[in-house]
Amino acid sequence: MSERMKPALLFGPLVLFLCLAYFVPFLGVMQWSVTLPEPGVGQYVKAVSDPLIISVFIRTFRICLIVTILSIAAAYCIAYIWVRGTPMQRLAMEICILIPFWISILTRAFGWVALLTNRGLINTWLQQIGIISEPLTLVRNEFGVVLGMTHFLIPFAVFPIASAMRSLDERVLMAARGMGATRLRTFWAIFVPMTLPGVLGAGIIVFVFALGFFITPAILGGGRSVMIAELIYLRLFQSPDWGLGAAMSVILMLIVAGLLALMMRYARPKSMLR
Amino acid sequence: MSKPTPVAVILASLVALFLLLPLIAVIPVSFTPTRFLAMPSGEWSLRHYQALLDNPAWLQSIWLSIRIGILSSVISTTLALMFSLGIWMFRPWFANILLGFVLLPMVAPPVVSAITLYFFLIGLSKVNDLVGYDTWIGVAVAHAVMIAPFAVVLITVALSQVDRRIDLAARGFGAGIRTRIFKVILPNIRFGILTALFLSFVLSWEEIGVTLFVTSVNAITLPRMMWMGLRDNIDPAIAAISVVLIAIVIAVILAKTVVTAMLSRKG
């Protein structure tokens, strides 16, 4: 065995494994999209002109945008205390972030069902204290989907924002205070702008994750607010239309690739390699 | 800036409450005496916990998920370890391209990975019965694809903290590649490898997106079993199993917090 071959023996197996199990099959899916049911780009034309599919794409973008804004706002609040609080506050925040993070997406979506359903915690409680007489419809609609997705994505937004807050130079803040800026002004004029790259990075991560969601919308949307990923699932397994499902997958992949390229360009995540 | 203001603390506490609320809501629901999902009114019952033990399908799906988790975490961690070692030791000029390629399954939308792995496994099913669509080994292989990028990230981060000079010293004294890996590098990143194994197992244990696409009636993992109970008429047994899963996570996190606190006090 020559010296040159040795590195390839180490990183080769994983690359080969992913080529065979992921890359080549993805090319196969792309092939489906232009050959099923008949050869041509008909499925792509359908995917961008069918009013139903367009409305699902628009709904997906709307939900993802709302979820991204809510998650970022919530993550900023919790990351702030996690980074700058007293040791006790830091520990409490860390536990509140880690517990949901390690619990599966199914259990968390189910938790929202248990909370929001007609005989669930919120409706039972509101009826007991007499605010409402009939249960509110809080789940199996877009409201439930937005809550469930935001809940899932907050921890993912916290990590990049907290890392931006940690790497901020404390002396800049002290200088601002020393020159007479109020605490509020120091926060808005110095702290927020300096942590903005982290916010931007977190925003793109959350948006990309949200685009591909289908478990949470399927459980909390109850078939009424279908998002693009769930539509792909339905097209493959309920009304077998593999060509269209494959074409929508390729389109989704292209959108995600575009967003990630944007992130690499502007938010510049730190390289993992030294 | 000094201590956070009360407003900031209140806002963060509200978010923390929002994060914990759905997990808390599951607890009372799991003790309902009714056959449908409801808050228990007055009487509490353990019947849904009993149902978990009585129905062999639950225990079978747990055992299946454990087997799949072990196989897929071993496959993905081994491949990821070799890959990361190769990149770290030899630093080829195309390292970034390779890294981008192996991280693909992590950044691609889960539904796209799912349809891709579905394509892969039905292809394999045509040539053998052991590894393919709706078999437990097939599911483990699909999970390994999804999990490998996470293992690569963890091990690469662990390697980035190793002092290169100890490897150079070993090499200078004439150690071969095998000695460098097993006697010098691996002992230094053993904690990172264990973390990767553990995270891989957890990710496989709770994987549902891909599993939904590559299984139908035979390979029913625990998440797949929960999914079936969640779709139409929600079975309160889901609440009981959720409470069990949440309790495990809380116990592990609290144990880790206590151990970390004790270690830091000692050191």
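## Briefing on a predicted two-chain helical model

Read along the sequence, chain B follows the pattern α-α-α-α-α-α-α-α-α-α-α-α-α. This is a predicted model, and chain B has 13 helices and 0 strands. Chain A, for its part, has 12 helices and 0 strands. The contact between the two takes 72 residues from chain A and 75 residues from chain B.

**Dimensions and burial of the chains**

- Taken along the principal axes, the C-alpha atoms of chain B fill a box of roughly 75 × 65 × 30 Å.
- In chain B, 42% of the 267 residues are buried.
- Of the contacts in chain B between residues at least 6 apart in sequence, 72% join residues at least 24 apart.
- The C-alpha trace of chain A spans about 75 × 70 × 35 Å along its principal axes.
- In chain A, 45% of the 274 residues count as buried.
- For contacts in chain A between residues at least 6 apart in sequence, the share joining residues at least 24 apart is 74%.

**Contact between the chains and the nonpolar core**

- On the side of chain A that touches chain B, the 72 residues divide into 51 nonpolar, 15 polar and 6 charged.
- Helix α1 (residues 5–35) of chain A gives the most to that side, with 15 residues.
- The largest nonpolar core holds 159 residues, of which A:Ala75, A:Ile78, B:Ile115 and B:Ala148 touch the most other members.
- Leaving aside neighbours within four places in sequence, A:Ile78 is in contact with A:Met93, A:Ile97 and A:Val158 of chain A, and with B:Ala12, B:Val15 and B:Ala16 of chain B.

**Helix α13 of chain B**

- Helix α13 of chain B has 30 residues (237–266), which at 1.5 Å a residue should span 44 Å; the end C-alpha atoms are 44 Å apart, so the two values agree.
- The buried residues of α13(B) include B:Ala237, B:Ile238, B:Ala239, B:Ala240 and B:Ile241.
- Also buried in this helix are B:Ser242, B:Val243, B:Leu245 and B:Ile246.
- The cover over the buried residues of α13(B) includes α5 (105–116) of chain A.
- From chain B, that cover includes α1 (6–30), α2 (47–54), α3 (56–90) and α12 (222–231).

**Annotated spans of chain B**

- An unreviewed UniProt entry carries the annotation "transmembrane region" for residues 62–90, 97–124, 136–160, 181–202 and 239–263 of chain B.
- In the model, residues 62–90 of chain B are 100% helix and 0% strand, with the end C-alpha atoms 41 Å apart.
- Residues 97–124 of chain B are 89% helix and 0% strand, and the end C-alpha atoms of this span lie 28 Å apart.

**Backbone geometry in loops**

- Most residues other than glycine have a negative phi, and most peptide bonds are trans.
- A cis peptide bond, with omega about -10°, joins A:Leu36 and A:Pro37; A:Pro37 lies in the loop between α1 and α2 (42–49) of chain A.
- A:Arg140 is not a glycine, yet has a positive phi of about 65°.
- The position of A:Arg140 is in the loop between α6 (121–128) and α7 (142–166) of chain A, and this residue is partly exposed because 19 other C-beta atoms lie within 10 Å.
- B:Arg91, likewise not a glycine, has a positive phi of about 40°.
- B:Arg91 sits in the loop between α3 and α4 (95–102) of chain B, and counts as exposed because 10 other C-beta atoms lie within 10 Å.

**Surroundings of A:Leu231**

- A:Leu231 lies in helix α11 (residues 228–237) of chain A, and is buried because 22 C-beta neighbours fall inside 10 Å.
- Not counting residues up to four places away in sequence, A:Leu231 touches A:Val56, A:Val226 and A:Met248.
- A:Leu231 and A:Phe57 are 174 residues apart along the chain, and their C-alpha atoms are separated by 9.8 Å.

**Confidence in chain A**

- Chain A has a mean pLDDT of 87, and 95% of its residues reach 70 or more.
- Over residues 270–274 of chain A, pLDDT stays under 50, and the model has 5 contacts beyond four places in sequence for this stretch.
- Where pLDDT is low, the predicted coordinates should not be read in detail.

Key. Residues numbered from 1 in each chain as written. Chains lettered and ligands numbered in written order. Predicted model: local features only at pLDDT ≥ 70, side-chain atom pairs only at ≥ 80, totals over all residues. Core = buried A, V, L, I, M, F, W, Y, C linked by C-beta atoms within 7 Å. Buried ≥ 20, exposed ≤ 12 C-beta atoms within 10 Å, placed from the backbone. Contact = placed C-beta atoms within 7 Å. Helix = DSSP H or I, 4+ residues; strand = E, 2+ residues; numbered from the N terminus. Expected span 1.5 Å × (residues − 1). Nonpolar A, V, L, I, M, F, W, Y, C, P; charged D, E, K, R; others polar. UniProt positions renumbered as here; feature names shortened; annotations may be inferred. pLDDT = per-residue confidence, 0-100.
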